[in-house]
Amino acid sequence: MSKSTLLFAVMRDMFWGFAFSGAYILITGTIIYVTEPLIPFQQYIKSFTMYFNCLISGGLIVGSAIYVFRTQRDIVETIEQTFLPENLAATRYGIEKQKYLSKRRSTEFATEFIVAGFVIFYLCRFPLTGLAETFMIAFACMEYALGVYVGRKLYYAGSMLETIADIKIHENIFSTDKLGSIIAFVNIVSTMTIIFVYVHVSSFYFGPFLYDSDVGWSAKILLILPAVIATPVVLIFNFYPRTIIRNLYKKSIDQEIFRLTDSLHKEGVTKNDRMSTMMQYHNLQDEELKYRLRVTLSDLPIAITVILMLLKFVVP
(Lines give C-alpha, C1' and ligand atoms only; values in the text may rest on other atoms or scores of the structure.)
Protein backbone atom coordinates (compact mmCIF):
# COMPACT_ATOMS: atom_id res chain seq x y z
CA MET A 1 0.00 0.00 0.00
CA SER A 2 1.42 3.38 -1.01
CA LYS A 3 1.87 6.17 1.52
CA SER A 4 -0.91 8.23 -0.05
CA THR A 5 -3.31 5.27 0.03
CA LEU A 6 -2.33 4.50 3.60
CA LEU A 7 -2.88 8.10 4.66
CA PHE A 8 -6.28 8.11 2.97
CA ALA A 9 -7.24 4.91 4.81
CA VAL A 10 -6.25 6.41 8.17
CA MET A 11 -8.16 9.61 7.46
CA ARG A 12 -11.23 7.61 6.43
CA ASP A 13 -11.21 5.61 9.65
CA MET A 14 -10.78 8.81 11.66
CA PHE A 15 -13.76 10.29 9.83
CA TRP A 16 -15.92 7.33 10.86
CA GLY A 17 -14.66 7.68 14.42
CA PHE A 18 -15.75 11.30 14.63
CA ALA A 19 -19.01 10.40 12.87
CA PHE A 20 -19.69 7.85 15.60
CA SER A 21 -19.04 10.39 18.36
CA GLY A 22 -21.27 12.89 16.61
CA ALA A 23 -24.04 10.34 16.17
CA TYR A 24 -23.76 9.35 19.84
CA ILE A 25 -24.20 12.89 21.17
CA LEU A 26 -27.00 13.50 18.65
CA ILE A 27 -28.98 10.39 19.63
CA THR A 28 -28.40 10.53 23.39
CA GLY A 29 -28.90 14.30 23.46
CA THR A 30 -32.23 13.90 21.69
CA ILE A 31 -33.34 11.27 24.22
CA ILE A 32 -32.46 13.56 27.13
CA TYR A 33 -34.09 16.57 25.45
CA VAL A 34 -37.34 14.62 25.01
CA THR A 35 -37.44 12.93 28.42
CA GLU A 36 -35.88 15.48 30.79
CA PRO A 37 -35.96 19.27 31.45
CA LEU A 38 -33.88 21.71 29.42
CA ILE A 39 -31.15 22.28 32.04
CA PRO A 40 -29.97 18.62 32.22
CA PHE A 41 -29.90 18.59 28.42
CA GLN A 42 -27.74 21.71 28.28
CA GLN A 43 -25.41 20.40 30.99
CA TYR A 44 -25.01 17.13 29.09
CA ILE A 45 -24.17 18.81 25.79
CA LYS A 46 -21.61 21.11 27.46
CA SER A 47 -20.04 18.26 29.42
CA PHE A 48 -19.75 15.99 26.38
CA THR A 49 -18.46 18.54 23.90
CA MET A 50 -16.59 21.07 26.06
CA TYR A 51 -15.84 20.09 29.64
CA PHE A 52 -14.66 16.51 28.92
CA ASN A 53 -13.98 16.84 25.19
CA CYS A 54 -15.59 13.47 24.42
CA LEU A 55 -16.43 14.44 20.86
CA ILE A 56 -12.72 14.71 20.01
CA SER A 57 -11.26 12.00 22.26
CA GLY A 58 -14.03 9.59 21.34
CA GLY A 59 -13.53 10.23 17.64
CA LEU A 60 -9.81 9.57 17.92
CA ILE A 61 -10.24 6.39 19.94
CA VAL A 62 -13.05 4.95 17.81
CA GLY A 63 -11.19 5.83 14.61
CA SER A 64 -8.03 4.14 15.89
CA ALA A 65 -9.98 1.03 16.88
CA ILE A 66 -11.59 0.89 13.42
CA TYR A 67 -8.19 1.13 11.74
CA VAL A 68 -6.71 -1.61 13.93
CA PHE A 69 -9.71 -3.90 13.44
CA ARG A 70 -9.64 -3.39 9.67
CA THR A 71 -5.87 -3.91 9.22
CA GLN A 72 -5.01 -6.37 12.00
CA ARG A 73 -4.75 -9.34 9.63
CA ASP A 74 -2.26 -7.53 7.41
CA ILE A 75 0.56 -8.35 9.83
CA VAL A 76 -0.39 -12.03 9.89
CA GLU A 77 -0.59 -12.19 6.09
CA THR A 78 2.75 -10.41 5.71
CA ILE A 79 4.51 -12.81 8.05
CA GLU A 80 2.95 -15.93 6.53
CA GLN A 81 3.70 -14.80 2.98
CA THR A 82 7.31 -14.07 3.88
CA PHE A 83 8.34 -17.19 5.80
CA LEU A 84 7.85 -20.89 5.10
CA PRO A 85 5.06 -22.63 7.07
CA GLU A 86 7.44 -25.27 8.44
CA ASN A 87 9.78 -22.57 9.75
CA LEU A 88 6.91 -20.73 11.43
CA ALA A 89 5.66 -24.01 12.90
CA ALA A 90 9.00 -24.46 14.67
CA THR A 91 8.39 -21.24 16.66
CA ARG A 92 5.71 -19.98 19.06
CA TYR A 93 4.25 -17.90 16.25
CA GLY A 94 1.03 -19.93 16.11
CA ILE A 95 0.36 -19.40 19.82
CA GLU A 96 0.98 -15.65 19.68
CA LYS A 97 -1.05 -15.37 16.48
CA GLN A 98 -4.00 -17.02 18.24
CA LYS A 99 -3.70 -14.55 21.10
CA TYR A 100 -3.40 -11.63 18.68
CA LEU A 101 -6.54 -12.57 16.72
CA SER A 102 -8.57 -13.97 19.64
CA LYS A 103 -11.94 -12.24 19.86
CA ARG A 104 -12.57 -13.86 23.25
CA ARG A 105 -9.39 -12.42 24.77
CA SER A 106 -10.13 -9.00 23.31
CA THR A 107 -13.66 -9.09 24.72
CA GLU A 108 -12.53 -10.23 28.15
CA PHE A 109 -9.79 -7.61 28.34
CA ALA A 110 -12.11 -4.85 27.16
CA THR A 111 -14.77 -5.94 29.66
CA GLU A 112 -12.30 -5.74 32.51
CA PHE A 113 -11.50 -2.15 31.60
CA ILE A 114 -15.16 -1.28 31.23
CA VAL A 115 -15.58 -2.38 34.84
CA ALA A 116 -12.44 -0.48 35.88
CA GLY A 117 -13.67 2.61 34.05
CA PHE A 118 -17.09 2.40 35.69
CA VAL A 119 -15.50 2.26 39.16
CA ILE A 120 -13.24 5.23 38.38
CA PHE A 121 -16.03 7.40 37.00
CA TYR A 122 -18.36 6.38 39.81
CA LEU A 123 -15.79 7.57 42.36
CA CYS A 124 -14.96 10.77 40.46
CA ARG A 125 -18.60 11.43 39.46
CA PHE A 126 -19.58 13.50 36.47
CA PRO A 127 -21.45 16.77 37.25
CA LEU A 128 -24.62 15.21 35.84
CA THR A 129 -27.61 13.19 36.99
CA GLY A 130 -30.08 10.71 35.56
CA LEU A 131 -29.79 9.68 31.91
CA ALA A 132 -27.12 12.30 31.23
CA GLU A 133 -24.78 10.75 33.79
CA THR A 134 -25.52 7.25 32.50
CA PHE A 135 -24.76 8.21 28.91
CA MET A 136 -21.52 9.95 29.90
CA ILE A 137 -20.30 6.98 31.92
CA ALA A 138 -21.22 4.60 29.11
CA PHE A 139 -19.27 6.62 26.55
CA ALA A 140 -16.24 7.04 28.83
CA CYS A 141 -16.19 3.30 29.59
CA MET A 142 -16.41 2.61 25.86
CA GLU A 143 -13.33 4.79 25.36
CA TYR A 144 -11.49 2.68 27.93
CA ALA A 145 -12.56 -0.54 26.21
CA LEU A 146 -11.56 0.55 22.69
CA GLY A 147 -8.35 2.18 23.89
CA VAL A 148 -7.21 -1.01 25.56
CA TYR A 149 -8.24 -2.98 22.46
CA VAL A 150 -5.81 -0.89 20.40
CA GLY A 151 -3.06 -1.25 23.00
CA ARG A 152 -3.58 -5.00 23.21
CA LYS A 153 -3.21 -5.39 19.44
CA LEU A 154 0.01 -3.38 19.50
CA TYR A 155 1.36 -5.56 22.31
CA TYR A 156 0.62 -8.88 20.61
CA ALA A 157 1.90 -7.60 17.25
CA GLY A 158 5.24 -7.18 19.00
CA SER A 159 4.91 -10.60 20.60
CA MET A 160 4.33 -12.24 17.21
CA LEU A 161 7.42 -10.55 15.80
CA GLU A 162 9.47 -11.73 18.77
CA THR A 163 8.70 -15.35 17.90
CA ILE A 164 10.23 -15.01 14.42
CA ALA A 165 13.36 -13.15 15.54
CA ASP A 166 15.54 -16.26 14.98
CA ILE A 167 13.62 -17.80 12.09
CA LYS A 168 15.45 -19.11 9.02
CA ILE A 169 15.52 -16.82 6.00
CA HIS A 170 14.93 -18.62 2.71
CA GLU A 171 14.89 -15.67 0.30
CA ASN A 172 16.00 -12.06 -0.08
CA ILE A 173 13.35 -10.32 2.00
CA PHE A 174 15.38 -7.12 2.28
CA SER A 175 15.45 -5.94 -1.33
CA THR A 176 11.65 -6.18 -1.57
CA ASP A 177 11.15 -4.79 1.95
CA LYS A 178 8.59 -7.50 2.65
CA LEU A 179 8.25 -6.59 6.33
CA GLY A 180 8.01 -2.84 5.80
CA SER A 181 4.22 -2.86 6.18
CA ILE A 182 4.61 -4.12 9.75
CA ILE A 183 6.75 -1.11 10.66
CA ALA A 184 4.14 1.15 9.08
CA PHE A 185 1.37 -0.51 11.12
CA VAL A 186 3.28 -0.19 14.39
CA ASN A 187 4.21 3.44 13.72
CA ILE A 188 0.67 4.44 12.80
CA VAL A 189 -0.98 2.66 15.73
CA SER A 190 1.56 3.88 18.29
CA THR A 191 1.18 7.46 17.05
CA MET A 192 -2.61 7.20 17.16
CA THR A 193 -2.38 5.75 20.66
CA ILE A 194 -0.27 8.54 22.09
CA ILE A 195 -2.56 11.18 20.56
CA PHE A 196 -5.83 9.75 21.83
CA VAL A 197 -4.40 8.88 25.24
CA TYR A 198 -3.10 12.42 25.67
CA VAL A 199 -6.39 14.01 24.58
CA HIS A 200 -8.51 11.68 26.71
CA VAL A 201 -6.42 11.82 29.89
CA SER A 202 -5.83 15.58 29.77
CA SER A 203 -9.53 16.26 29.11
CA PHE A 204 -10.73 14.05 31.95
CA TYR A 205 -7.95 14.84 34.42
CA PHE A 206 -8.68 18.56 34.22
CA GLY A 207 -12.42 18.07 33.78
CA PRO A 208 -14.95 19.33 36.37
CA PHE A 209 -15.62 16.08 38.22
CA LEU A 210 -17.39 16.47 41.56
CA TYR A 211 -15.17 14.10 43.59
CA ASP A 212 -17.90 13.77 46.22
CA SER A 213 -17.50 10.04 46.94
CA ASP A 214 -15.95 8.67 50.14
CA VAL A 215 -12.43 8.80 48.65
CA GLY A 216 -12.85 12.44 47.62
CA TRP A 217 -10.19 14.08 45.47
CA SER A 218 -7.93 11.05 45.86
CA ALA A 219 -9.91 9.47 43.03
CA LYS A 220 -8.40 11.98 40.61
CA ILE A 221 -5.13 10.06 40.43
CA LEU A 222 -7.06 7.11 38.94
CA LEU A 223 -7.79 9.16 35.83
CA ILE A 224 -4.19 8.79 34.63
CA LEU A 225 -4.59 4.99 34.37
CA PRO A 226 -4.70 5.04 30.53
CA ALA A 227 -1.43 7.01 30.44
CA VAL A 228 0.26 4.63 32.89
CA ILE A 229 -0.77 1.62 30.77
CA ALA A 230 0.05 3.26 27.43
CA THR A 231 3.54 4.39 28.44
CA PRO A 232 5.38 1.02 28.38
CA VAL A 233 3.29 -0.28 25.46
CA VAL A 234 4.05 2.68 23.21
CA LEU A 235 7.68 3.14 24.25
CA ILE A 236 8.60 -0.54 23.89
CA PHE A 237 6.49 -1.65 20.98
CA ASN A 238 7.18 1.36 18.79
CA PHE A 239 10.93 0.59 18.74
CA TYR A 240 11.22 -3.16 19.50
CA PRO A 241 9.69 -4.44 16.20
CA ARG A 242 12.14 -2.23 14.31
CA THR A 243 15.03 -4.02 16.02
CA ILE A 244 13.69 -7.47 15.18
CA ILE A 245 13.06 -6.60 11.54
CA ARG A 246 16.52 -5.04 11.29
CA ASN A 247 18.08 -8.33 12.44
CA LEU A 248 15.98 -10.32 9.97
CA TYR A 249 16.99 -8.02 7.15
CA LYS A 250 20.62 -8.27 8.23
CA LYS A 251 20.45 -12.07 7.96
CA SER A 252 18.88 -11.72 4.52
CA ILE A 253 21.73 -9.42 3.42
CA ASP A 254 24.34 -11.84 4.74
CA GLN A 255 22.77 -14.67 2.78
CA GLU A 256 22.69 -12.56 -0.37
CA ILE A 257 26.38 -11.70 0.10
CA PHE A 258 27.18 -15.40 0.45
CA ARG A 259 25.28 -16.19 -2.78
CA LEU A 260 27.00 -13.36 -4.64
CA THR A 261 30.43 -14.47 -3.41
CA ASP A 262 29.79 -18.01 -4.57
CA SER A 263 28.57 -16.76 -7.95
CA LEU A 264 31.64 -14.58 -8.48
CA HIS A 265 33.90 -17.46 -7.45
CA LYS A 266 32.30 -19.75 -10.04
CA GLU A 267 32.74 -17.07 -12.71
CA GLY A 268 36.47 -17.00 -12.03
CA VAL A 269 36.67 -13.48 -10.63
CA THR A 270 39.93 -12.87 -8.76
CA LYS A 271 39.93 -12.84 -4.97
CA ASN A 272 40.76 -9.13 -4.74
CA ASP A 273 37.95 -8.22 -7.15
CA ARG A 274 35.54 -10.43 -5.24
CA MET A 275 36.50 -8.77 -1.97
CA SER A 276 36.09 -5.30 -3.49
CA THR A 277 32.69 -6.15 -4.94
CA MET A 278 31.55 -7.68 -1.66
CA MET A 279 32.66 -4.64 0.32
CA GLN A 280 30.82 -2.27 -1.99
CA TYR A 281 27.67 -4.40 -1.92
CA HIS A 282 27.79 -4.77 1.85
CA ASN A 283 28.27 -1.04 2.42
CA LEU A 284 25.42 -0.12 0.09
CA GLN A 285 23.07 -2.62 1.72
CA ASP A 286 24.09 -1.54 5.21
CA GLU A 287 23.42 2.11 4.41
CA GLU A 288 20.05 1.25 2.93
CA LEU A 289 19.20 -0.80 6.02
CA LYS A 290 20.06 2.10 8.31
CA TYR A 291 18.01 4.45 6.15
CA ARG A 292 14.92 2.26 6.29
CA LEU A 293 14.89 1.32 9.95
CA ARG A 294 16.85 3.91 11.87
CA VAL A 295 15.22 5.76 14.77
CA THR A 296 14.81 9.15 13.16
CA LEU A 297 14.22 12.51 14.81
CA SER A 298 10.60 12.19 13.73
CA ASP A 299 10.27 9.18 16.04
CA LEU A 300 11.68 10.90 19.12
CA PRO A 301 8.58 13.00 19.89
CA ILE A 302 6.67 9.79 20.47
CA ALA A 303 8.89 8.80 23.39
CA ILE A 304 9.27 12.36 24.66
CA THR A 305 5.54 13.06 24.48
CA VAL A 306 4.65 9.91 26.40
CA ILE A 307 7.05 10.78 29.20
CA LEU A 308 6.00 14.44 29.36
CA MET A 309 2.34 13.44 29.25
CA LEU A 310 2.74 11.22 32.30
CA LEU A 311 4.83 13.79 34.19
CA LYS A 312 2.22 16.45 33.49
CA PHE A 313 -0.30 14.58 35.63
CA VAL A 314 1.93 13.44 38.49
CA VAL A 315 4.20 16.46 38.99
CA PRO A 316 2.51 19.53 40.53
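These legends describe close-up views of a predicted model.

Local features shown here need pLDDT of at least 70, and side-chain atom pairs count only at pLDDT 80 or more, while totals for chains, interfaces and linings use all residues. Residues are numbered from 1 along each chain as its sequence is written, and side-chain values use heavy atoms, with hydrogens and water left out.

**View 1. Helix 3 packs against helix 8.**
Helices are DSSP runs (H or I, at least four residues), numbered from the N terminus. Helix 3 covers residues 54-82, and helix 8 covers 180-205. Their axes lie 9 Å apart, at an angle of about 160 degrees. Axes are lines fitted to C-alpha atoms, for helices over the stretch in contact, and angles run from 0 to 180 degrees between N-to-C directions. Helix 3 is therefore roughly antiparallel to helix 8. The term covers angles over 145 degrees; under 35 counts as roughly parallel, 65 to 115 as roughly perpendicular, and the rest as oblique. Helix 3 passes helix 8 in a left-handed crossing, meaning that the near helix is turned anticlockwise from the far one by less than a right angle. Which residues of helix 3 and helix 8 meet? On the helix 3 side they include Leu60, Ser64, Tyr67 and Ile75. On the helix 8 side they include Phe185, Ile188, Met192 and Phe196. Contact here means heavy atoms within 4.5 Å. By class, this contact has 17 nonpolar residues, six polar and no charged. Ala, Val, Leu, Ile, Met, Phe, Trp, Tyr, Cys and Pro count as nonpolar; Asp, Glu, Lys and Arg count as charged; the others, Gly among them, count as polar.

**View 2. Helix 3 also meets helix 7.**
The two axes come within 9 Å. They cross at roughly 25 degrees, which makes helix 3 roughly parallel to helix 7. This crossing is left-handed. The contact holds 18 nonpolar, five polar and two charged residues.

**View 3. Helix 5 packs against helix 7.**
Helix 5 spans residues 93-101, and helix 7 spans residues 130-163. Their axes are 9 Å apart, and the packing angle is about 170 degrees. Helix 5 is therefore roughly antiparallel to helix 7. Helix 5 brings Tyr93, Glu96, Lys97, Lys99, Tyr100 and Leu101 to the contact. Helix 7 brings residues including Arg152, Tyr156 and Met160. The count by class is six nonpolar, two polar and five charged.

**View 4. A salt bridge joins Lys99 and Glu96.**
Their closest N and O atoms are 3.7 Å apart. A salt bridge is a side-chain nitrogen of Lys or Arg within 4 Å of a carboxyl oxygen of Asp or Glu. Lys99 and Glu96 are three residues apart in helix 5, so about one helical turn separates them. Is Glu96 buried or exposed? Glu96 counts as buried, at 6% relative accessibility. Buried means under 20% relative accessible area, exposed means over 50%, and partly exposed lies in between (1.4 Å probe, protein chains only).

**View 5. Arg70 and Asp13 meet in a salt bridge.**
The N to O distance is 2.8 Å. Arg70 sits in helix 3 and Asp13 in helix 1 (residues 3-35), so this pair links distant parts of the chain, 57 residues apart. Asp13 is buried, at 2% relative accessibility. Arg70 is partly exposed, with a relative accessible area of 35%.

Arg125 is partly exposed, with a relative accessible area of 24%. Asp212 is partly exposed too, with 44%. Elsewhere, salt bridges that share partners join Arg12, Asp13 and Arg70 into one network. The whole structure has seven salt bridges.

**View 6. Arg125 and Tyr211 each have a positive phi.**
Most residues other than glycine have a negative phi. What is the phi of Arg125? The value is about 60 degrees, although Arg125 is not a glycine. For Tyr211, also not a glycine, phi is about 50 degrees. Tyr211 lies in the loop between helix 8 and helix 9 (225-266). Tyr211 counts as buried, at 5% relative accessibility.

Conventions:
Helix = DSSP H or I, 4+ residues; strand = E, 2+ residues; numbered from the N terminus.
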